[in-house]
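Subject: Handover of a structure

Dear colleague,

Please find the structure below, handed over for your use.

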Amino acid sequence: MAQRTLASILAVALVAVIAAGWPSASAVGQVAGTFRTPLGGEPATLDPYFSVDSSSGPLTALMYTTLVAFDSGGRLVPAGARSWDISPNGLIYTFHLRDNVKFHGGRKVTAADWKWSFERMGDPTLKALVADVVLSGVTGYDAYQKGAAEIAGLKVVDPQTLQLVLNPSHRGGFLNRLAYYAAVVLDKDVVEKGGKGWFGTRDAGSGPFIFKEWVHNSRITLAGDPNFAQGPPKISRLELPIVTEASTQLSEYVSGQLDLVQVPLADFQRIKADPVLSKELFVAPRAQILFLGLNARVYEAFKDARVRRAIAMAIDRAKIAQTVFFGFYRPANSIVPPGIPGFYADYKGLPYDPAQAKKLLEEAGVAGKLPPLRIAMNPFTPIAQMAGEPIVAMLRANLGLDAQLEKTEFSNFIASLNKRTVYQSFLTGWSADYLDYSDYLDLLLDSRSVLDRVNYNNPEFDKLIDQANAAPTESRRIEIYHKAEALAVQDAQFVPLFFSQFAMLKKPYVQGLETTPMLSGWLPFTRVSVQK
Amino acid sequence: MIRYLAYRAALAIPLFLGAALLIFLAGHYAPGDPVQTLLGDHYNPQTAARMRHELGLDRPLAIQFVAYVRDAVTLDFGTSYVNPSWRVGDIVRQTLPISLGLAALAVALAAAAGVGLGLAAAVTSGRAADRLIQVGVLSGLSVPSFVVAAVLVLVFALHWRLLPVAGWGKPQDYVLPVVVLAGAPIAYITRITRSSVAQVLTEDYVRTARSKGLRAPVVLLRHVLRNAALPVVTTVGIAFGNAIVGAFVVEVVFNIPGIARIAVNAILQRDYTVIQTVMLVYTALFTAINLAVDISYAYLNPRVRY
């Protein structure tokens, strides 16, 4: 009878396995023309106007077309538009569309498609996450938000010509914003016929790659579009398995299951020392800053700028960058990272000066009297903790401040951050969504922004931001931004700590990869080839 | 027996309701919010409010719970908050078979290896083979599965390149996860089998069977194993539960698109509908396992009657 029991257990097991079915095997090993790189998580959506996470954002860039784009050297280049003219007063942009851009369904992209798409993006009932970035510079956007029938500044001149009339008070960085990976044209037919989850089975794009398959929680597969306007991609198939653990991604790369991966910071030195892997390792610029936020609304003593400045000056950023981040991260003197046009390279910021820091506390009358300070850490990666531990030690040693790190999980961290009245101080980072100064200063420090999580409120700073947005030329705008940036650094509610970089591993048979300081670090794989 | 089954089935209803309520409250009272987690650094109060309204999260908790139970009764578990284009029922349909298949294979391996090793240990009691098995059992019980997983990946996938590091779809993808999941169950099935068999071996009827001239293997299989099976079956039941729970580590490490990995992500993202449904599935699984073990008692031991 025991044998029978065992046999039935085995039978049940077998049936269960057969019921589960061996899912159809995907391509085994590397095949010519196939390129494999992982996504860090299941994308929440593939609607480009809501695709802002690190999984869905890169997919938008692969499947869709913007009017203009940044190349790997940070220069603006034509994309959906082959050229553009700017009126003498700098307020009217006329885009001449390429005449060979086709949606993946086969229909030609016209100026009317761009108008329809941007009006969908700005639709007040849709509340797309990216609308303000792309459209706030266009006249009539505000009226459209209040119910106007169309965005007045968005004009179809003829099927191949699109005109955008700028809002003089919000003209700054207009082309940089148009190069945002989310500022794409959509195929109206696909979006309207597909209903709410239209992006689940096909794309509405005209980019280099076509949506093929989305096996939830497992993988997304794209195919090269042979009709892509700027020449067909050299790879025919793009496999994007969803691999949530960075260590698993790395192991899969080492064993040959992936062709391109990000290197987790903790593995960087080991890989650099490895005789084989070090040859496949490369470092690329990244527009990302790690900072310490000091919230005066919760920690009373931070209302005095001297106290905040003392904190900033008691942290030896250079030493932490060298010892904890082994020189891979660099000390940040300013807020906006390299890779953003106009980077303030020669700004010195607040120096490390523990004696001066102590003096500042004495002047403020709080030396030795500060209550314990809790520093919340972003738990998304171990980096905030790696930076936080030496910072706590330095604040104790240099200022006698009883600082403590506070760890929580991500969902709670983000919710508390957004409330703006929970954390006394916090350690987190900011990565560029689009390569423009406004993605940092307007968004993170203007008192009118909902993402001003440090509660910075300096009317002079806000005024400078307005001036920058209305500046007639890009160079004048950057000058004003530099002033605002220096002011914010001296006010020290947003304490810049480190600028990071990308570290990636790429198989030697992969050629033609280009990088960008945004997103996952790579530009759409239009020139990538796999030679085996 | 039928009455007993009906009784157990009826008992499952309050059990499910209670579990659903506990999971619901724990989820909603835990700090964090699915909408803000989803928006992350792109938080904007207006977008958040619109999403919250669309998901029905702005309704009172009691109403949300009643609506969930009402829909769940008709097996409509709604859509995922994190990915509104994905129905929770479909998530379970796609991922549960993967996890169950994995667990079933692990239990089958554990049962076969555990019973075999346990028998071997019992008949060689006190000798070298027994000692060796005992050491193996001890390490199987003490080394956590994530360590076993890492070591196996290092040796078999990265060093010898015999098996894939992670992934899903091909038969060879099953090997390492199944071995890791079976590790601990092999150890305690071996231990229980050994002690149970050792005890039965001292019984009079075993001596009688031997003295009437039966060959040793026949005695062992027909008389000993059958009488020693009761505690072993319980352990196999527990092993199944263990394999399901162990999947929380194994599916993440080996990147297997099963229900445990879904559960881990759903918890981190406060994806309430998914958490609730997945936990109900787990409640159902454990209830079923316990019932199966109870029924197998009656089957194996005629003295047990319900």
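B:R87 touches B:D76, B:G78 and B:T79, leaving aside residues up to four places away in sequence. Please note that the model is a predicted one. B:R87 sits in the loop that runs between helix 4 (61–73) and helix 5 of chain B. Its relative accessibility is 38%, so B:R87 counts as partly exposed, the range for that class lying between 20% and 50%.

I turn next to the interface. In total, 61 residues of chain B are in contact with 57 residues of chain A. The size of an interface is often given as the accessible area lost when the parts come together. Here chain B and chain A bury about 4,800 Å² between them, and 62% of that area is on carbon and sulfur atoms.

Between chain B and chain A there are 3 salt bridges. A salt bridge joins B:D41 to A:R453, with the closest N and O atoms 2.7 Å apart.

Which helices of chain B supply at least two residues each of the side that touches chain A? They are helix 2 (34–39), helix 3 (45–55), helix 5 (88–123), helix 7 (145–159), helix 10 (216–253), helix 11 (259–269) and helix 12 (272–300). Helix 5 of chain B gives the most to this side, with 9 residues. By residue type, the side of chain B that touches chain A divides into 35 nonpolar, 17 polar and 9 charged residues.

Finally, some remarks on chain A as a whole. Its secondary structure comes to 18 helices and 19 strands. The radius of gyration of chain A is 25 Å, close to the 24 Å that the globule rule gives for 532 residues, so chain A is as compact as a globular protein of that length. The C-alpha trace of chain A spans about 80 × 70 × 45 Å along its principal axes. Of its 532 residues, 59% count as buried. Among contacts in chain A between residues at least 6 apart in sequence, 68% join residues at least 24 apart.

With kind regards

Terms used
Residues numbered from 1 in each chain as written. Chains lettered and ligands numbered in written order. Predicted model: local features only at pLDDT ≥ 70, side-chain atom pairs only at ≥ 80, totals over all residues. Heavy atoms only, no water. Contact = heavy atoms within 4.5 Å. Buried area = accessible area lost by both parts, 1.4 Å probe. Salt bridge = Lys/Arg side-chain N within 4 Å of Asp/Glu carboxyl O. Helix = DSSP H or I, 4+ residues; strand = E, 2+ residues; numbered from the N terminus. Nonpolar A, V, L, I, M, F, W, Y, C, P; charged D, E, K, R; others polar. Rg over C-alpha atoms; globule rule 2.2 N^0.38 Å. Buried < 20%, exposed > 50% of the residue type's maximum accessible area, 1.4 Å probe, protein only.
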